[in-house]
Amino acid sequence: MSAMVVEAPHSIDEFVKGYEEVGKLRGFRCANCGLVTATWGLACSRCGRYPLDEAELSPNGRVAAFTILTVPGDEFLNDAPYAYVVVDLDGGGRITGWMPSVKTENGLAIGDRVRFVTSYRPGVQFAKASEGSTSE
Ligand SMILES: [Zn+2]
């Protein structure tokens, strides 16, 4: 007997390229139980179905949690302080990202509307829904 080896139908590189170059947030939707997740994986974390279907996630959501990072990694040194956010996307999927426009704890609140913005910078960048060209 040998363990079954499954081939990954989706690559993490494609996900990173999706949000860094194409401006899309990629995730998965389970055809069995309907779970929508932004977490890369092979099988549904709720019902175990394999494989999962790729789905484009909404660029809009609400802040579920955040903290202000003052001592970031090298790539973000010139941006500190900024908010590191956990966002619940409309229609499902929870994702982490960063908001360079938020410099203090008073600059953001749980439940605030935010939107994903395409950036040449690494990571998933968000802005307040009220900022910039796209408004709700
Ligand atoms: Zn499922």
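Which pattern does the protein follow, read along the sequence?

Guide: First, the ground rules. This is a predicted model: local features need pLDDT of at least 70, side-chain atom pairs count only at pLDDT 80 or more, and totals for chains, interfaces and linings use all residues. Residues are numbered from 1 along each chain as its sequence is written.

Now the layout. Read along the sequence, the pattern is α-β-β-β-β-β-β-β-β. That gives one helix and eight strands. Helices (H or I, at least four residues) and strands (E, at least two) are DSSP runs, numbered from the N terminus. Of the 136 residues in the protein, 22% are buried. Buried means that 20 or more other C-beta atoms lie within 10 Å of the residue's own; exposed means 12 or fewer, partly exposed in between, with C-beta atoms placed from the backbone.

Next, the core itself. A nonpolar core is a set of buried Ala, Val, Leu, Ile, Met, Phe, Trp, Tyr and Cys residues joined through C-beta atoms within 7 Å. The largest one has 19 residues. Ala83, Val85, Val87, Met99 and Phe126 touch the most other members. At least two residues come from each of β4 (60–69), β5 (82–89), β6 (94–99) and β7 (113–117). β5 gives the most, with four residues. Domain 1 (12–57) and domain 2 (60–128) each supply at least three residues to this core. Those domain bounds come from an automatic or database domain assignment.

Zoom in on Val85. Leaving aside neighbours within four places in sequence, Val85 is in contact with Val63, Phe66, Thr96, Gly97, Trp98, Met99, Val114 and Phe126. Contact means C-beta atoms, placed from the backbone, within 7 Å.

Strand pairing comes next. Two strands pair if DSSP finds at least two bridges between them. β4 and β5 are antiparallel, over eight bridges. Here Val63 stands opposite Val87 in β5. β4 also pairs with β7, antiparallel over three bridges. There, Gly61 has Val114 of β7 as its bridge partner.

An open, antiparallel sheet of three strands runs in the order β2-β1-β3. Its edge strands, β2 (36–37) and β3 (53–57), each pair on one side only. β1 (residues 25–29) and β2 share two bridges in the antiparallel sense. Phe28 stands opposite Thr37 in β2.

Definitions and conventions: Contact = placed C-beta atoms within 7 Å.
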